[in-house]
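This briefing accompanies the sequence and structure shown below.

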Amino acid sequence: QFEMSTATEFEELDLLERIFLRLGNAETDQQLEETVGKFLLPVLVKLESQYKPVQDKVFELLTHVSKQLKNRPQILLPVNDLLVCYQRINASPQLTNFSLVYIKLGFPRLSTSQQVELLPVLMQSLEGKPKHQQDSVLQTLTPALVHLTLPKSEPERLKLFSLADKPTIRATVLDFFLCYLLLPYSPVAVPPGLSNDQVCRVTGTSYPPADLLEKVKYGILKLLSAGIFSDQEVICHLLVTSGDSRHSVAELGEHHLRLTGGSVDWNSPKLVSQLYSLYLGSPVPAGNAVASSTMATPTQNHSPASLAVRVKIMLHLLKSTHATNSFPSCIQAVFDGLFGSNSNAKLHSLCLQFIHAICSKLVCMLPHWHLCWVSKEMVCLLCHVCCR
């Protein structure tokens with residue numbers, strides 16, 4: 001039903017005029033819902049018409065439809081058909097963009113059972129789409145995770161989203177979920193662990209209320225701990241949530257952290273890099289250094305994670321030999337934990353243990369020239385500690 005016809009320009013314009021008339025004659029919500037459900041998809045497909053006047057008429061008609069729907073939230077949209085249209089191979093950018101607009105408008109209007117049923121379809125629709133559309137889809141589906149009941153058997157859970165052979169989608173979903181789990185429960189100027197761009201990425205145009213945010217975080221955690229993703233992939237998410245300020249989220253995060261921590265490779269360079277990034281935030285150029293083309297902009301720079309999360313991270317960095325040999329990050333982490341403003345007695349104690357871990361591995365792990373440099377930094381650091 002979504003294929004382009006060979007109608008003439010006059011015939012296509014005549015069809016759109018008749019649809020316009022049908023919409024105008026819809027007096028009740030039920031009539032409008034039936035008309036939109038029947039004609040929205042054929043109208044969207046006309047965006048790919050070869051005739052410019054037809055495309056202009058479609059824009060006019062869609063503007064009218066959007067105005068009608070905006071103030072009538074009880075009217076349902078054909079979300080299933082819109083998803084089929086959105087995933088069409090070789091669909092024009094206009095068609096995918098407008099399909100997504102109405103998916104985002106229609107999905108929250110569905111019943112919770114219908115939303116849950118469409119979650120796997122939405123997840124699969126991420127493949128091959130530009131990043132801004134992927135973010136829009138994830139913004140749409142994430143609140144519905146509150147209502148998701150996962151199958152009891154692991155094979156059924158793995159089959160539900162079918163992400164095993166889609167590493168790109170897995171990485172996109174996990175990165176989005178990590179940003180969401182880092183959201184504070186009220187908007188702040190400098191969100192811990194996030195950049196302003198990341199906050200906009202996961203919240204869109206409206207910040208979620210605190211109670212809903214807590215429920216969604218809990219839903220994300222249930223999904224991440226269901227065996228669909230590996231322990232190595234979700235360990236940062238568990239660390240972040242174990243330091244959450246809401247008890248229900250922190251308790252569930254801590255529970256799964258204890259269950260999975262033993263199977264994690266804490267010496268993975270990728271994991272250690274992620275942990276230092278969360279702990280330290282984005283690197284800041286020194287002095288009057290000129291920013292390079294690859295350096296993040298101010299809205300892309302993310303701040304260090306919250307104090308509770310930083311304590312959890314340092315506790316687990318102590319388990320990693322690779323973390324104690326990662327220079328200069330290990331030195332920066334200790335300096336920041338001991339002398340930075342975002343610290344406390346617990347983090348001070350952990351940082352002193354981290355100094356011991358670093359020193360105990362210096363002689364056998366580093367070349368002579370590197371050892372000399374690090375030794376000077378460690379002596380300076382210990383002098384600062386003694387003077388406090």
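The chain contains 19 helices and zero strands. The model is a predicted one. Of its 388 residues, 46% count as buried. Among contacts between residues at least 6 apart in sequence, 75% join residues at least 24 apart.

**Helix H5**

- Helix H5 covers residues 93–106, a run of 14 residues.
- From the first C-alpha to the last, H5 reaches 20 Å, which is close to the 20 Å expected at 1.5 Å a residue.
- The buried residues of H5 are Leu 95, Thr 96, Ser 99, Leu 100, Tyr 102, Ile 103 and Gly 106.
- These buried residues pack against five partners, namely helix H2 (29–45), helix H3 (52–70), helix H4 (79–86), helix H6 (112–124) and helix H7 (131–141).

**Helices H14 and H17**

- Two packed helices are described by the angle between their axes and the distance between the axes.
- For helix H14 (residues 269–280) and helix H17 (residues 329–339), the axes come within 11 Å and cross at roughly 30°.
- Because angles under 35 degrees count as roughly parallel, H14 is roughly parallel to H17.
- The crossing in which H14 passes H17 is left-handed.
- On the H14 side, the contact involves Tyr 276, Tyr 279 and Leu 280.
- On the H17 side, these residues meet Ser 329, Cys 330, Gln 332, Ala 333, Asp 336 and Gly 337.
- Sorted by class, the contact of H14 with H17 comprises five nonpolar, three polar and one charged residues.

Notes:
Residues are numbered from 1 along each chain as its sequence is written. This is a predicted model: local features need pLDDT of at least 70, side-chain atom pairs count only at pLDDT 80 or more; totals for chains, interfaces and linings use all residues. Side-chain values use heavy atoms; hydrogens and water are left out. Helices (H or I, at least four residues) and strands (E, at least two) are DSSP runs, numbered from the N terminus. The expected span of a helix is 1.5 Å times one less than its number of residues. Buried means under 20% relative accessible area, exposed over 50%, partly exposed in between (1.4 Å probe, protein chains only). Contact means heavy atoms within 4.5 Å. Axes are lines fitted to C-alpha atoms, for helices over the stretch in contact, and angles run from 0 to 180 degrees between N-to-C directions. Angles under 35 degrees count as roughly parallel, over 145 as roughly antiparallel, 65 to 115 as roughly perpendicular and the rest as oblique. A crossing is left-handed if the near helix is turned anticlockwise from the far one by less than a right angle, and right-handed if clockwise. Ala, Val, Leu, Ile, Met, Phe, Trp, Tyr, Cys and Pro count as nonpolar, Asp, Glu, Lys and Arg as charged, and the others, Gly among them, as polar.
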